[in-house]
Amino acid sequence: MNLLGITVVLVGLVGVWAQHNVLRPLCDSPEAEEAALVAQDYLNSQHTHGYKYALNRIEDIKIYTTADGGSTYLLEVDLLETDCHVLDPTPVANCTVRAKALTAVEGDCDVVLKKVGGALTVTAFKCKTEESTEDLCLGCPTLLPLNDTTALDFVRASLSTFNNMTVNETYTILEVGRMSSQLVAGGPIYTAEYVVVEANCTDDTCVPLDNANAARGICSARGLNALHTVDCKMFATLMPIVDANSTAPAAPAPPLVAHVHTGSLSRKHGLRHHKLTAMHDPHLSGLLSAESQESAEVVPAVPVVVVDAAAAVDPAVPAADPAADPAPAAADASSDASSSAEVPILLMKREAPAADAPAVVDTPVVLVPVCPGRVRFF
């Protein structure tokens, strides 16, 4: 019966192995790091509003290999919002992640990648973006909805101040990045970040320039409508800089006239931050879950191996059990002499498992910390 059970298990394992080979590398391995950075760059290229996101942690990775040498990566990553706008050509590696006190924004993404000819390509993803609620302090700046009318009045006032400082150019608002308020002794102080684009203005009507040479930049303002400071940094180019060490394809240039606001800015949605693109390629979205819920494909295969492996060890167990309980040995023996002759042999068999036990205990210790990986920021 034991031999038959082992045969059935082996046949089942061969069938499962023929369907797919699942590899589980370390989350901090070079292979996982490469895939995560490709996913990061691709997600940023699809994110046409708001700010770039930086990799914070690799939660899990599975690699499905096939007989023809192809590989499919299923990756779970945590991302954090940086202070670099998506139009800013600064590489993500040189951007600063926002501190928790400034209300950090987190992105949890599941990404599917394929590796063909040594190059990784993203084929599907699903993301969930939300504000970090950890370590919020009393009196720290609080994010405001992007259509908050009082804060938008402050944005207009600071933009007017900036336009008065320029000589030959006039700018209009391309997009509001974030707005926040902070309570101080004299009342609320507003802070705003917004992207500007060069425009042709007649009276109070401004038309943004729609060519690639139009100047664009991001402005940071702080204060009140009547008294504030504003500082604007112009972007050098719209073309994104591609990391030479990345295998991700070059990201397309963002649209030139996205989210241009003329007149009233209150049409903007009521969110307090710009979200990552939620989903790409719905045909493959069944493999993904934004809350890092793993697929159950691998789970049934593991218990089958464990249970049957224990059954395969059963033939050795009765040989050790008679040493602890002499009754079975007496029942199987045909004479007193034969049973007494087996006693020293059984005692020697008891020592063998004791010597092998440390080797069995040492093995799982090395394999435990596979995932998740290290935390890069917080």
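Trainee: Which residue does a disulfide join to C232?

Mentor: A disulfide is read as a pair of cysteine sulfur atoms within 2.5 Å, and here one joins C219 to C232, with an S to S distance of 1.9 Å. This is a predicted model, in which local features need pLDDT of at least 70 and side-chain atom pairs count only at pLDDT 80 or more, while totals for chains, interfaces and linings use all residues. Residues are numbered from 1 along each chain as its sequence is written, and side-chain values use heavy atoms, with hydrogens and water left out.

Trainee: Where in the chain do C219 and C232 lie?

Mentor: Helices (H or I, at least four residues) and strands (E, at least two) are DSSP runs, numbered from the N terminus. The link of C219 and C232 is right-handed, with 110 degrees about the S-S bond, and the pair connects distant parts of the chain, since C219 sits in strand 10 (residues 216-223) and C232 in strand 11 (residues 228-234), 13 residues apart.

Trainee: How many disulfides does the structure hold, and is C201 buried or partly exposed?

Mentor: The structure holds five disulfides, and another of them is formed by C201 and C206, whose sulfur atoms are 2.0 Å apart. Buried means under 20% relative accessible area, exposed means over 50%, and partly exposed lies in between (1.4 Å probe, protein chains only). C201, with a relative accessible area of 29%, is therefore partly exposed, whereas C206, at 18%, is buried; C219 and C232 are both buried as well.

Trainee: What is the torsion about the S-S bond of C109 and C127?

Mentor: That torsion is about 115 degrees, so the disulfide is right-handed. The sulfur atoms of C109 and C127 are 2.1 Å apart, and the pair links distant parts of the chain, with C109 in strand 4 and C127 in strand 5, 18 residues apart. C109 is buried, with a relative accessible area of 0%, and C127 is buried too, at 8%.

Trainee: How many bridges join strand 4 to strand 5?

Mentor: Two strands pair if DSSP finds at least two bridges between them, and twelve join strand 4 (residues 105-116) to strand 5 (residues 119-131), which run antiparallel. G107, for instance, has T129 of strand 5 as its bridge partner. In the hairpin that these strands make, two residues stand between the strands, and G117 takes a positive phi near 60 degrees.

Trainee: Which residues touch the most other members of the largest nonpolar core?

Mentor: A nonpolar core is a set of buried Ala, Val, Leu, Ile, Met, Phe, Trp, Tyr and Cys residues joined through side-chain atoms within 4.5 Å. The largest one has 26 residues, of which L75, L79, C109, V111 and L113 touch the most other members. The elements giving two or more residues to this core are helix 2 (30-46), strand 2 (51-65), strand 3, strand 4 and strand 5, and the largest share, seven residues, comes from helix 2.

Trainee: With which side chain does the side chain of E193 make a polar contact?

Mentor: A polar contact is a pair of N or O atoms within 3.5 Å; within protein, one must be able to donate a hydrogen and the other to accept it, and residues adjacent in sequence count only if both atoms are side-chain atoms. The side chain of E193 makes such a contact with the side chain of R98, at 2.9 Å. E193 lies in strand 8 (residues 187-202), and E193 counts as buried, at 15% relative accessibility.
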